[in-house]
Amino acid sequence: MQNESEKSALARKGEELASLHLSEKGFLVLERNVRIGHGELDIVAKDGDMFVFVEVKTRESAFLTDPVHLVPVSKQKQMIRLADRYLKIRDIFAPARFDIVIVVHNRQYTRIEHTQDAFYPMSV
């Protein structure tokens, strides 16, 4: 079982790998670990004119599950509120979407799964 510092190190590594993955796909990574009030957005990026708010989930072992099940409705609602505040604070009027990046990283391999439009503001 991992202690908190090992979990934090794995989460940071996952966010780093997710950022690199997004950059390689042509995204412009604007910010990481954006704190707004009591919440945090893992990654804010741009895909063309679209602002993309990315939740990163990092694990050491592979598992079969729908990525949206890793981000409960309560977290989706929080991300939607934080994204809205992020855009308003910066006076940005642009389309936005919510993606999930799952990173499986261990000594044997690294696998990254990116789900675009993982959830929608109207669906939560």
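## Residue classes and the model

In the classification used here, Ala, Val, Leu, Ile, Met, Phe, Trp, Tyr, Cys and Pro count as nonpolar, Asp, Glu, Lys and Arg count as charged, and the others, Gly among them, count as polar. The structure is a predicted model, and its chain has an average pLDDT of 89, with 90% of the residues scoring at least 70. Within the chain, confidence is highest in strand β2 (residues 39-47), where the mean is 97, and lowest in helix α1 (residues 4-24), where the mean is 88.

## The largest pocket

The volume of the largest pocket comes to about 170 Å³, and its lining consists of Phe53, Ile80, Ala83, Asp84, Leu87, Ala96, Arg97, Phe98, Asp117, Phe119, Tyr120 and Pro121. Two or more of these lining residues are given by each of the elements α2 (73-89), β4 (96-105) and β5 (110-119), and it is α2 that supplies the largest share, with 4 residues.

By residue class, the lining of the largest pocket holds 9 nonpolar and 3 charged residues, and no polar ones. Asp84, Arg97 and Asp117 are in the lining, and Asp and Arg belong to the charged class.

## Aromatic pairs

Across the whole structure, a search finds 3 aromatic pairs. One of them joins phenylalanine 53 and tyrosine 86 in an edge-to-face arrangement, with 5.6 Å from centre to centre and 80 degrees between the planes. Because phenylalanine 53 lies in strand β3 (residues 50-59) and tyrosine 86 in helix α2, this pair ties together parts that are 33 residues apart in sequence. Both phenylalanine 53 and tyrosine 86 are buried.

Phenylalanine 98 and phenylalanine 119 form a stacked pair, for which the centre-to-centre distance is 5.1 Å and the angle between the planes is 20 degrees; that angle falls in the stacked class because planes under 30 degrees apart count as stacked. Since phenylalanine 98 belongs to strand β4 and phenylalanine 119 to strand β5, the pair ties together parts that are 21 residues apart in sequence. Phenylalanine 98 has a relative accessible area of 5% and is buried, and phenylalanine 119, at 3% relative accessibility, also counts as buried, the cut-off for this class being under 20%.

## The aromatic cluster and the pocket

Phe53, Tyr86, Phe98 and Phe119 form one aromatic cluster. Among the members of this cluster, Phe53, Phe98 and Phe119 are also listed in the lining of the largest pocket.

Notes:
Residues are numbered from 1 along each chain as its sequence is written. This is a predicted model: local features need pLDDT of at least 70, side-chain atom pairs count only at pLDDT 80 or more; totals for chains, interfaces and linings use all residues. Side-chain values use heavy atoms; hydrogens and water are left out. pLDDT is the predictor's confidence in each residue, from 0 to 100. On a 1 Å grid over the protein atoms alone, a cavity is a set of points where a 1.4 Å probe fits but cannot get out, and a pocket is an open set with protein on both sides within 12 Å along at least five of seven lines; lining residues have an atom within 4 Å of a point. Grid points are joined across faces, edges and corners, and a volume is the space filled by probe spheres set on the points. Rings of Phe, Tyr and Trp (its six-membered ring) pair if their centres lie within 6.5 Å; planes under 30 degrees apart count as stacked, over 60 as edge-to-face and the rest as tilted. Buried means under 20% relative accessible area, exposed over 50%, partly exposed in between (1.4 Å probe, protein chains only).
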